[in-house]
Amino acid sequence: MAEPTNFITRIQQMPLQNKAVLLITIVLVITAGIMLTTWAQKADMQLLYANLSQEDAGAIAQKLTELKVPYQTTAGGIMVPVDKVYELRLQLAGQGLPQGGGVGYELFDKTSFTMTDFVQKLNYRRALQGELSRTIRALAEVEQCRVHLAVPEKTLFVQKNDRPKASILVKLRAGRKLTPGQVQGIVHLAASSVEGLDPRDISVVDTSGEMLTSPAGDEGFAATSSQLEHQHMIESEFEARILSMLEPVVGKGKARAKVAASLDYTKIEKTEEKYDPDSQVARSEQRNIEKSSSGTSGGVPGTASNLPGTTVQQANGSRSQSDKKNETINYEISKTVSHTVSASGGLKRLSVVVLVDGIATAAEGTKEKKYTARTEEELRQFEDMVKKAVGFSTERGDEVKVVNMPFEAAPLEDLGEAVKEPVQILPLVMIAARYLVPLVGVLLLFLLVVRPLMKTLATPPPAPMMVMPQAAQSEITRPAERTSQEQLTEWAKKNPKEAANLIKGWIQEK
């Protein structure tokens, strides 16, 4: 009980200024300890969703508040505790969040009988735009998408209605690009989703303002882009064939190939009808035969000519005969009808150039390498290999050239160590710092604040110097025959209390 009492007594004997400093120090120590403990026990936060629109971010934040889940908002993203990320994603997905920057057909989940026809049509257009945006965002290259539809209303009294139109704005991910085929896919997706929408009335633009679709009536430009892409694909295929043949022989990275392919994109449609006069077949036959004959002979009609023994003068008679014959035969001549469509993109000509490195051998006793060029026989063999790999044809006028030249660049295998990805040590450092920083902070707090404070409080305040009374000093210093020891002894006998205090002060001072 003596030590606490002595400690409190020392604090009470401290000046007011020192007491204020001590109180402030104690408050700072407690605050720092609470902050370090809270920071050490704080849960790790992980990204729940990124690149959210304001509508989605607000809806998700409201849901997290209802679920009593702590969260942090960043620029377009929301952070939640790491152990609840996947669970929250499933829960929010079940409630239709995030919506992708627009509403879809869930807009009609809650309907009202007081909704007007105009509002109903407007909601349908909004829902269709939102569904198209979500579908287009499913592409790996597209980060955000907005769809605007201009659909004119149908009327009964207008003979010619305006055609619907669509505008699509896409925001691509960093380093990504849409191919012409993907752009056409987006166009046909929108055209198939909106009744009466023609692909020529759809515009696709990226956030940099670049027009990704060709203007109406400029189909030739789109075809040219597709043709260039097809040509590049064929050239790359030939180059890969050449390298796959040469690298196993000359070594990896010791051969370079470049192919220039000339393609024919002319599309020819031809219809032919050929008749063979030597091959005929009777198709139909018609014959008409008509014969007619008539004549008159005998006497005059009556009784006299019929009596026996009566000679009757013969009258003059007339005879007519008709013979008619018609014959029609239709012959069918053999006919051949052919419709030929020549496929475009045929290979017209190939030009191939191949560079082959020489042979580098290390000299004896040194680290220097000696370069040896390829022989003519080797180059001819390489050329034959290249011709067979690309399907060389003299009729097309193909050209193949194999050249031996020393490569200045270092082999790829030597660069392997240099291009290795650096070890990702930042996450490890962050995990270690999470536990080391509180320990270091507590240690510094103890060494720089608590320990000096305890040492200061443990040191007793110096006792006031006991001043010998002036009378005693005069008696001690007064000249006399007695020695100093005798004088002190006599003074101590006369003033025992003051002598005890004086001795106590001397002891504490030492």
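Guide: The expected span of a helix is 1.5 Å times one less than its number of residues. Helix 5 covers residues 117–137, and its 21 residues should span 30 Å, which agrees with the 30 Å between its end C-alpha atoms. Everything said here describes a predicted model.

Now to helix 8. This helix runs over residues 376–390, 15 residues in all, and its first and last C-alpha atoms are 21 Å apart, close to the 21 Å expected. Its buried residues are Leu379, Phe382, Val386, Ala389 and Val390. Seen down the axis of helix 8, these buried residues fall within an arc of 85 degrees, so they line one face of the helix. An α-helix has 3.6 residues a turn, so residues three or four places apart point the same way.

With a relative accessible area of 4%, Phe382 counts as buried because the cut-off for buried is under 20%. Setting aside neighbours within four places in sequence, Phe382 is in contact with Leu246, Val249, Val250, Val356, Arg374 and Val402. Val354 lies 28 residues from Phe382 in sequence, and the two C-alpha atoms are 9.1 Å apart in space.

Next comes the end of the helix. Helix 8 is followed by Gly391, which has a positive phi, near 70 degrees. Phe392 is placed in the loop between helix 8 and strand 13, the strand of residues 399–404. The relative accessibility of Phe392 is 27%, so this residue counts as partly exposed. The charged end of Lys387 sits over the ring of Phe392, at 4.7 Å from the ring centre. Val352 and Phe392 are 40 residues apart in sequence, while their C-alpha atoms are 9.8 Å apart in space. As for pairs of aromatic rings, the count comes to zero.

For comparison, back to helix 5. Its buried residues are Asn123, Ala127, Leu128, Gln129, Gly130, Leu132, Ser133 and Ile136. The cover over the buried residues of helix 5 includes strand 4 (142–150), strand 5 (165–172) and helix 6 (180–193).

A loop elsewhere in the chain also has a residue with positive phi. Lys68 is found between helix 3 (54–66) and strand 2 (72–74). Phi of Lys68 is near 60 degrees, a positive value in a residue other than glycine. Most residues other than glycine have a negative phi. At 74% relative accessibility, Lys68 counts as exposed.

Last, the background on the chain. The secondary structure of the protein chain comes to twelve helices and 13 strands. The chain has 510 residues, of which 19% count as buried. Among contacts between residues at least 6 apart in sequence, 68% join residues at least 24 apart. The accessible surface of the protein chain is about 37,700 Å², and 57% of this surface belongs to carbon and sulfur atoms.

Note on methods:
Residues are numbered from 1 along each chain as its sequence is written. This is a predicted model: local features need pLDDT of at least 70, side-chain atom pairs count only at pLDDT 80 or more; totals for chains, interfaces and linings use all residues. Side-chain values use heavy atoms; hydrogens and water are left out. Helices (H or I, at least four residues) and strands (E, at least two) are DSSP runs, numbered from the N terminus. Buried means under 20% relative accessible area, exposed over 50%, partly exposed in between (1.4 Å probe, protein chains only). The arc is that of the directions from the helix axis to the C-beta atoms. Rings of Phe, Tyr and Trp (its six-membered ring) pair if their centres lie within 6.5 Å; planes under 30 degrees apart count as stacked, over 60 as edge-to-face and the rest as tilted. A charge sits over a ring if NZ of Lys or CZ of Arg is within 6 Å of the ring centre and within 35 degrees of the ring normal. Contact means heavy atoms within 4.5 Å. Accessible areas come from the Shrake-Rupley method with a 1.4 Å probe; for residues, only the protein chains shown count as cover.
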